[in-house]
Amino acid sequence: MLRRIADQLYWAARYLERAQWRARLVDVNYHLNLEVPPRAADPWEPLLGITGEREPFAQRYAHADEASVVDFFTFDRSNSSSIRSCVEAARTNLSALRNIISSEMWLQMNELYLDSRGWSPKLLASEGFSTFFTDLRNHFYSITGIIRSTMPRDLSYDFLEIGTMLERADNVARLLDVKYHYLLPRLEDIGGPSDGRQWAAVLRSASALEAFRKLYGYSISVDRVVEILLFDPNFPRSARFSAERLASAIERVAAQGASHIAHQLVSDSLLALLRTGSASQAISEGLHEFLLKVEQECSNISNSLYSEYMALG
């Protein structure tokens, strides 16, 4: 496969996953602030910590209030990782690959892109948060389903899988890292109704609340949240599940005759870290440090993949 094609597939997948992730963050945070009294003067500010965008946000906005953060995350074209920018970038990458992806995938991607051209704060206000983000979520689910149902399991599919799973593992680590420290300071709330709703919101941000309840019931504790989001091998948005799928896709790519450096990196580092770890161990030894390792391994894998399969010249 040409490096250019691999690069476009990989980044289209990462942008789509990033857009879907950010849409859930905004939607969940909005409803959480309606249900639970905010713990800080700027309850939208932690979202900037999750995505690591406090500095670029501060360059363009005076305060991290609802209107500013929602605009930055959803509509702002000057933010290369806003939902709108991610949709546009994914569509640009896929437009050159219409002979590779299915026609159904292109039509759904193009429909989402055309919808995004009409997005605005005014439209969001008129439709309401629930309607706007439910429609957006359904767009993403449709694209994911079409990819799963219409794409042959070849190298093209593998690079889409690699981009999706690498972005997913990195995002869940960032979510836990910021939310864990944001929610802990109010020790008097631990185990109370407010604490439970906060951690339920973390689970909803990863579409994990129902899966959590099936596994653990309705009693939410920090260690169980960390366990399902980081170490559960069966939940499709956990870091471990993502790393398993990522490793399998890289192994299939490597089997085509390319170097095995990237595959060894993911199997020996990220995957080993998540297969042998546990929530209790990570928390007792320092969850922040553990999550930084996960994020660093994701960055290492991304750099290695680029060098091996996507760099030109």
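Tutor: In what follows, Ala, Val, Leu, Ile, Met, Phe, Trp, Tyr, Cys and Pro count as nonpolar, Asp, Glu, Lys and Arg as charged, and the others, Gly among them, as polar. With those classes, the lining of the second largest pocket has three nonpolar, five polar and eight charged residues. This is a predicted model, in which local features need pLDDT of at least 70 and side-chain atom pairs count only at pLDDT 80 or more, while totals for chains, interfaces and linings use all residues. Residues are numbered from 1 along each chain as its sequence is written, and side-chain values use heavy atoms, with hydrogens and water left out.

The part to follow is α1 (3–35), where helices are DSSP runs (H or I, at least four residues) numbered from the N terminus. The second largest pocket, to which α1, α2 (45–51), α9 and α16 (287–310) each supply at least two lining residues, has a volume of about 270 Å³. Of the 16 residues that line this pocket, R18, E167, D170, N171 and R174 lie nearest its centre. A pocket is an open set of points on a 1 Å grid over the protein atoms alone, with protein on both sides within 12 Å along at least five of seven lines; a cavity is a set where a 1.4 Å probe fits but cannot get out, and lining residues have an atom within 4 Å of a point. Points are joined across faces, edges and corners, and a volume is the space filled by probe spheres set on them.

The largest pocket, with a volume of about 550 Å³, also draws at least two lining residues from α1, as it does from α8 and α11 (209–216). Its lining comprises 23 residues, and R24, R137, Y141, R204 and S207 are the ones nearest its centre; by class, they divide as a whole lining into eleven nonpolar, five polar and seven charged.

Seven of the lining residues of the largest cavity are nonpolar, three polar and four charged.

As for packing between helices, the axes of α1 and α8 come within 10 Å and cross at roughly 155° (lines fitted to C-alpha atoms over the stretch in contact, with angles from 0 to 180 degrees between N-to-C directions). Contact (heavy atoms within 4.5 Å) involves L16, A19, Q20, A23, V26, D27, Y30 and H31 of α1 and F129, S130, F133, L136, F140, Y141, I143 and T144 of α8. Those contact residues comprise eleven nonpolar, four polar and one charged.

The axes of α1 and α4 (residues 66–74) likewise come within 10 Å, crossing at roughly 165°, which makes α1 roughly antiparallel to α4. This crossing is left-handed, and R22, V26 and Y30 of α1 meet E66, V70, F73 and T74 of α4. By class, four of these contact residues are nonpolar, one is polar and two are charged.

Key:
Parallel < 35°, antiparallel > 145°, perpendicular 65-115°, else oblique. Left-handed = near helix turned anticlockwise from the far one by under 90°.
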